[in-house]
Amino acid sequence: MQFSSTEIIVLVVIGTAIFLLAPLFLLINFKEYNRRKQEAIEEQKDLQIKFESELLKTQIEVQEQTMQTIASDLHDNIGQLLSLTALTLNSINLNEPQRLEKKVTESLNLVNSSIKELRGLAKLMHGEFIVQTGLGKAIKQELDRLKKLGNYKLKVKNELINIDISSPNKDLIILRLLQEIINNIIKHSQATYIEFNVYTLDEKLHLNIKDNGIGFDIENIQMKKSGMGLNSMFKRVALINGEIVINSTPLTGTSISIEIPYP
Amino acid sequence: MTSDLNIVFEIVCLATAVLFLRNVSGIFTFFTIVYLLIVCSTEIAGGIWTSRFGTSNSWIYNIFIIYEAAYISFGLYVALKGLTKRAYQYCSIAFMGFLVTYGYELSSQSFFKFNSKTVLVFSILFSFNCFTYFYLLIKDKNTINLKQNGQFWWVAGVYAYYFGGTIYNLFLQQSSYPYIILSYTMILLNLILYGFWSYSFICNSRQQK
């Protein structure tokens with residue numbers, strides 16, 4: 001088949017244009033793809049910064065709460081015990097030897113109680129250190145402390161003790177959540193029986209706590225937004241991408257289920 | 001006239017390279033300037049030969065394409081080695097393909113006839129390597145700053161020149177080809193190639209700052 005010179009010119013021009021359009025199309029697409037990739041990376045960086053900032057904020061909140069608990073314990077418990085000790089010691093009359101022994105024993109008991117409270121506070125303050133030994137062991141120590149109080153019948157299933165995994169960013173938050181729940185039970189629930197069930201399943205940590213206390217109205221408490229309340233617990237669990245479900249029936253008890261991606 | 005325009009593009013590109021790459025160290029920068037000097041010398045020598053002796057200057061370009069294939073292969077190797085461990089294989093295959101076709105054409109036709117099949121073969125192989133570069137760049141999790149990435153624009157120029165020149169190379173295989181339109185096509189291709197390369201030298205200079 002013979003082409004005329006005009007046809008050949010048209011063929012060369014159109015053919016070359018097509019073969020030049022392909023690289024042009026590729027370059028435009030690459031530029032767009034590169035821009036989108038850059039945006040995605042920057043968005044991810046922003047999210048990471050936001051997450052770290054939230055995490056830091058929560059850690060500060062947790063520290064703040066710990067300091068408040070310490071201050072409150074020092075004032076309400078240890079302060080009272082020491083004041084009572086001082087009063088008892090002040091009331092000692094050396095001219096009444098028959099009451100001396102009794103008062104010294106009372107003072108000694110009060111001092112021992114103060115020491116016990118101080119140890120409890122020291123353990124609370126050293127949460128970060130405890131977490132370094134593993135979350136399972138930290139939870140065990142916390143529950144042992146509760147057991148020593150002797151006011152509760154406990155049923156504990158802690159499968160984390162023998163697991164050698166950790167998540168430094170999450171561990172302290174989880175431990176503080178547990179401490180917060182225990183403190184709430186001690187202060188408000190009037191419970192006599194508490195169940196703890198801690199385990200990991202499908203890369204998730206499950207923390208289930210159930211008591212037989214007086215329960216509470218969840219909506220009412222949430223509306224108050226006071227102090228380190230339920231809202232703060234919900235916020236902290238959400239921060240580490242977890243879920244928390246609280247069921248409470250007045251006069252029957254409360255159950256709390258926390259599920260957190262782990263490690 | 002067409003030859004004059006090509007020389008202008010090449011000299012401008014060489015001047016840009018000397019101006020913007022003078023503070024950019026590296027073996028590839030050195031080869032680039034040397035190669036562009038060879039390009040300009042070849043173009044001038046080819047023009048002088050034709051005007052003085054009135055015969056084909058194809059033998060000059062037959063020598064030149066050895067430098068061209070070597071330089072482009074090395075440039076693509078430098079670009080690909082940051083993206084794949086097989087960069088050496090890709091570029092070796094392209095250069096071997098060139099050598100085999102070149103050897104075949106030297107043995108099958110006169111040295112004074114242009115080795116157009118060799119040019120067609122290495123154009124396809126270089127286009128493939130350029131395409132591989134872009135594919136790997138898209139797959140790479142990192143992004144690049146196009147305003148500072150001279151390498152990207154260098155490969156883009158090579159890709160546009162060799163892939164865009166497919167029709168040109170195909171017509172060059174014919175015994176009687178439409179000379180004028182192919183000359184204009186070559187001017188356009190040269191403008192694209194040296195334009196992209198000049199911009200790549202500016203980007204390299206920006207990156208250095």
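**Note on a predicted two-chain model**

1. A:Lys155 stands opposite A:Glu195 in strand E2 of chain A. The model is predicted: local features need pLDDT of at least 70, side-chain atom pairs count only at pLDDT 80 or more, and totals for chains, interfaces and linings use all residues. Residues are numbered from 1 along each chain as its sequence is written, with chains lettered from A and ligands numbered from 1 in the order in which they are written.

2. E2(A) (residues 193–201) pairs with strand E1 of chain A (residues 153–158) in the parallel sense, over six bridges; pairing requires at least two bridges found by DSSP. Strands here are DSSP runs of E, at least two residues, and helices runs of H or I, at least four, numbered from the N terminus.

3. Of the six residues of E1(A), zero are buried, so the strand lies largely in the open. Buried means that 20 or more other C-beta atoms, placed from the backbone, lie within 10 Å of the residue's own.

4. Between the chains, 18 residues of chain B are in contact with 19 residues of chain A, contact being C-beta atoms, placed from the backbone, within 7 Å. H6(B) gives the most to the chain B side, five residues.

Conventions
Contact = placed C-beta atoms within 7 Å. Buried ≥ 20, exposed ≤ 12 C-beta atoms within 10 Å, placed from the backbone.
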